[in-house]
Amino acid sequence: MFFIRSLSSKIFQKNRNVCNALTNNNKRFLRKISLCGQYDFDLLVIGGGSGGLACAKEASSFGKQVVVLDFVIPSEKGTTWGIGGTCVNVGCIPKKLMHQASLLGESIHEARSYGWNIPEPVTFNWESLVEAVQNHIKSVNWVTRVQLRDKKIEYVNGHGVFEDAHTVIAKMKNGKERRITAKDILIAVGGRPRYPEFPGCKEYCITSDDLFSLPTAPGNTLVIGAGYIGLECAGFLKGLGYEATVMVRSMLLRGFDRDMVNLVQAEMEDKGVKFLIGKIPSKVSKQPNGKLLVEWEGDENGQGEFDTVLVAVGRKALSEELNPSAAGLEIHPESGKFITVAEQTNIPNIYAVGDVLHGRPELTPVAIQAGKLLAGRLYNGIQDQMDYDNVATTIFSPLEYGCVGLTEEEAINRYTEDKIEVYHAYYKPTEFFIPQKNVKHCYLKVITLLEAPQKVLGMHFIGPQAGEVIQGYAAAIKAGLTFQHLKDTVGIHPTISEEFTRVGITKRSGDDPTPQSCCS
Ligand code: FAD
C-alpha cells in the first residue's frame, strides 16, 4: 500500500489538474493511479442495456476500467424502470412472459380434453400477472447491479450528453452533473417508441413502455401499428381475454415473408383479433364515460370506442439526445441512427452497438454479440467481426412465426425466380389432435438455390415454439446447410421440428402440400 501511495503521489504531482478528484476509496484510488495520465476510464458506455452491458462486462474481463451510464427518461405516461435496458424492462422479457400467460390460458382449456378436471369458472387477474412480471424484472435489475459491482464496473444513473469526443456529462435525476472522460466511448442508447402525430395521441395513448406495468387491466384495446411488437401485444391481450383490434396503414410485418405473414394474420383473426387495414388514426379523445374515442381515416372514415389505445408504430433511436455534434458524430439523415464500420463511428474512438445502428436488426442477441466482439477486438486482440446476416428471429404471435435467412421475395429479388426452389408443407402437430386445435396455419417453407447442392437461403416456420424450432436450423445455415443435408437428417418423432427433415414438395410443382398422415 505504501508503494502504491508513493507511486500515486508522483503521478499526482505530474497530473495535478486531472487528478484533483483522487480519493482514498481503494477501488477508485487504484483506478486513478493507473489512468490519471489521461482519462478517467478506458471505456465509457452510454446505455446500460443489452449491447452496452455486454461490452462493458467483456471489457472489464480484459482488465479495463469501465463506467456505464444508464438513465431512463420517463414515458409520456410517467413510466420508468431500472438498469438493463429495453429487453429486460419493457421488451423481450415482459413480452415473452405475457405471451406465456396467454398460451397458458389456452392450455387450461385444452387440458380438459386430456382428462384434467378443471372447475369453471377459470378466471384471470391482470394485476397478479403484472406483479409477477414486475417482480421478475426487479430481480433481473438487482442481479445486473450486483454483476457490475462484482466486475468493478462503475454504474452511474445519469443521462449522458457529449461535451467532446472524449468527454461526457452525466446529468443525474437530482440535477447534479458529473464530467467523465474516457479513452473509448461506446454508444448503446437504443431507442424508444415513436408517437404518431395526431391530436390526443401523447395525452391518451400508451406504448409498450407502459403496457407491462399497467396498473389496471387494459380492457378493449386498439393497437395502432402492425409491426411485430403491435401484433405480439394484440395477440397476448386477446389470449388473456381482452378484445383486441389492430389498426394498420398498409401491411403487417413489413420485411417478413408474405406467405407466412398472411398465415399469422389469418390465425390471429381466427383467434378473434380484429384488423382495421388501410386506416390511419386522426384523433383520440376521452369520452364522458371514460372510454377513448378513436377516429380514423382511410378508404372509409370511421370511429370506435376503446378502453386502451396502444401505439406501436416503430421506434426512434435516442441519438439526437446525446448532442452528437459536440463530439463531431454524424448520424443518418433518415433513420437518425449511427452509421458504423465494424461498429466504429466516424469519430475513431467512439463506437456504437445495438438498436442505434443504422441498417442493423433491432434484436437483443445482435446487440449483445456486437458488444462482446467489439470489446474483444479493442482490448483482447481478436479479429472477429459481427456477422449481421442470417440472424434468426421469432414473432411471438399466438401461433409463433420463426425464421432465418431470406424471405421468398428477397430470394427472388436477389437470385431471380428460376434460380431458387421453394419447398413447403402444412403439418399437424400431434398434440393438436385431442383438443382439436386449428392446424390450418401450421406451415413451413425452405428456400434454396435451385442448383445442386441446393444451399439453403431461408427457413420459415409457423407453429408452437417456433423460436425453439428455428434456432438450431439457424446454426445449420451458418454451417452451410444444403437441402441434401436436411433430407439426410433423421427427424425426432413425434416433434414439429422434424417436419423440416420431411419437406419435399416444391411450390413449382403445384402439388398439394397438405399432409396425408402424421407418420408416413
Ligand atoms: P437498450 O436495451 O434499449 O438499452 C439502452 C439503454 O440506454 C436504456 O436503458 C436507455 O434508457 C439508456 N439510455 C438511452 N439514452 C441514454 C443516455 N443518453 N444516457 C444514459 N442512458 C441512456 N429483441 C429480441 O431479440 N427478441 C424479442 O423478443 C424482442 N422483443 C421486444 C419486445 C418489445 C416490446 C420491444 C420494445 C423490444 C423487443 N426486442 C426484442 C428488441 C430488444 O429489446 C432491443 O433490440 C434491445 O434491447 C436493444 O439493445 P440496446 O443495447 O441497443 O438498447
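Helices (H or I, at least four residues) and strands (E, at least two) are taken here as DSSP runs, numbered from the N terminus. The model is a predicted one, so local features need pLDDT of at least 70 and side-chain atom pairs count only at pLDDT 80 or more, while totals for chains, interfaces and linings use all residues. Residues are numbered from 1 along each chain as its sequence is written, and side-chain values use heavy atoms, with hydrogens and water left out.

On to the ligand. The shell around the ligand holds 37 residues, where a residue is near a molecule if one of its heavy atoms lies within 4 Å of it. Gly51, Asp70, Thr86, Lys95 and Asp355 come nearest. By type, the shell splits into 17 nonpolar, 15 polar and five charged residues (Ala, Val, Leu, Ile, Met, Phe, Trp, Tyr, Cys and Pro count as nonpolar, Asp, Glu, Lys and Arg as charged, and the others, Gly among them, as polar). At least two shell residues come from each of helix H3 (50–61), helix H4 (85–90), helix H5 (92–113), strand S4 (158–164), helix H9 (228–239) and helix H11 (364–379). H4 gives the most, with four residues. Domain 1 (41–84 + 132–193 + 316–380) and domain 2 (196–312) both contribute to the shell, so the ligand lies between them; the bounds come from an automatic or database domain assignment.

A backbone N or O atom of Gly51 sits 2.8 Å from a ligand oxygen, and a polar backbone atom of Ser50 is 3.3 Å from an oxygen atom of the ligand. Taken alone, the ligand exposes 1000 Å², and the protein buries 95% of that (Shrake-Rupley method, 1.4 Å probe).

S4 runs antiparallel to strand S5 (residues 167–172), with six bridges joining them; two strands pair if DSSP finds at least two bridges between them. The two form a hairpin with two residues between them, and Gly158 stands opposite Met172 in S5.

Next come two open sheets. In one, three strands follow the order S11-S12-S13 with antiparallel pairing. Strand S11 (279–286) and strand S13 (302–306) are at the edges with a single partner strand each, so one side of each has no neighbour in the sheet. Neighbouring strands here are turned by 25° against each other on average, direction ignored (axes are lines fitted to C-alpha atoms). S11 pairs with strand S12 (residues 292–298) over seven bridges, with Lys279 opposite Gly298.

The other sheet has five strands in the order S17-S18-S21-S20-S19, again antiparallel. Seven bridges link S19 to strand S20 (residues 443–449), where His424 faces Lys445.

The peptide bond from Ala452 to Pro453 is cis, with omega near 10°, and Pro453 is in the loop between S20 and strand S21 (456–462). Another cis bond joins His493 and Pro494, with omega about -5°; Pro494 lies in the loop between helix H14 (483–488) and helix H15 (499–502). Glu343 has a positive phi of about 65° although it is not a glycine.

Note on methods:
Polar contact = N/O pair within 3.5 Å; in protein donor to acceptor, adjacent residues only side chain to side chain. Axes fitted to C-alpha atoms, helices over the stretch in contact; angles between N-to-C directions.
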